[in-house]
Amino acid sequence: KLGRCESQSVLEALPGEPKGGGAGRKAGFTKNTMGDLSRPPAAETLSQLGQTLQSLKTRLENLETVPAGSMAGAGNALGTALCQGLGSCAAPEGFAPRCHLKARYISGGNPQSGQRGGPARAHRASAPTGQKDNRPPDRFQLTFPLRTNYMYAKVKKSLPEMYAFSVCMWMKSNASPGMGTPFSYAVPGQANELVLIEWGNNPMEILINDKVAKLPFVINDGKWHHICVTWTTRDGVWEAYQDGTQTGSGENLAPYHPIKPQGVLVLGQEQDTLGGGFDATQAFVGELAHFNVWDRKLSPGEVYSLATCSTRALSGNVIAWAEANIDIYGGATKWTFEACRQLN
């Protein structure tokens, strides 16, 4: 079809030349072997172009199976070729080819089949070679589109011993039943040292050393929400914040138990063993950004500043959200994200 468009545009660019089988072309042009074919009606042409675009779109989406660096280049090259080809063809009245094939995609890992006990042959994402990215290091989000046992992100840094903490993040999901596990922290001998999970039809829960508290979050609506959980080992007092407002609190959650150091912090999966043992039914499905951890209890004002993107908002002093601190595996992807500017 693109060949027919090209030949037709060349003929129209040669005034005075016959538009039949191409016999009257100037030397140097190849014969138009499609010039003798009758042109289909505009409606049929539109339908065929639509089918072709859909087929190429599907092929572009399937390029995720190619290594990240070559995927970006191949996708852009194919999109450019498609747009140039369509541009040389006279479009039927009322039809405008959609050539906005470039997206906000940054990078992603290759989907690999994994077994319970850890992902197999996981690949770390990398940015396309030769491209400069001037975005601030925290303006990105992670997307986990499927419920699998191999798609996850890993924080390069472990947690220190902590007698108090605050964990905050932006989150978006409408997965059912349950959005899964936004993050889990496992240490030797205890896979549930610190876990945030919404499993099945249960409410979201925070686990500390296998002790559980139910959190009063209402966030499984496909919209962006900012959530924070604070805790102190003294009497096991905890507080939950949604969109800058405290929605619940409690005590006696693993009192006088310090969070242990030298563990593995994973985003998107619940660990049954140190760094692995993922269960697809507990995997997070949705989008996550600005995951920050502090070794102290944030004040209500500090939480509100985070939820409203105030210039006074602080980054985590234990874990700060930055691309250099995160490795992604199994097909999870990174996209640009600016909190409070693209909400819902």
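This is a predicted model: local features need pLDDT of at least 70, side-chain atom pairs count only at pLDDT 80 or more; totals for chains, interfaces and linings use all residues.
Residues are numbered from 1 along each chain as its sequence is written, and side-chain values use heavy atoms, with hydrogens and water left out.

If we take a salt bridge to be a side-chain nitrogen of Lys or Arg within 4 Å of a carboxyl oxygen of Asp or Glu, the count comes to six.

Asp-327 and Lys-156 form a salt bridge, at 3.8 Å from N to O. This pair links distant parts of the chain, since Asp-327 lies in strand 14 (residues 326–329) and Lys-156 in the loop between strand 3 (152–155) and strand 4 (164–172), 171 residues apart; strands here are DSSP runs of E, at least two residues, and helices are runs of H or I, at least four, both numbered from the N terminus. Asp-327 is buried, at 12% relative accessible area, where buried means under 20%, exposed over 50%, and partly exposed in between, with a 1.4 Å probe and protein chains only.

Lys-334 pairs with Glu-323 in another salt bridge, their closest N and O atoms being 3.8 Å apart. Here too distant parts of the chain are linked, with Lys-334 in strand 15 (residues 333–336) and Glu-323 in the loop between helix 4 (300–307) and strand 14, eleven residues apart. Lys-334 is buried, with a relative accessible area of 7%.

Finally, Arg-296 and Glu-302 meet in a salt bridge at 2.9 Å, N to O; Arg-296 is partly exposed at 30%, and Glu-302 is partly exposed at 25%.
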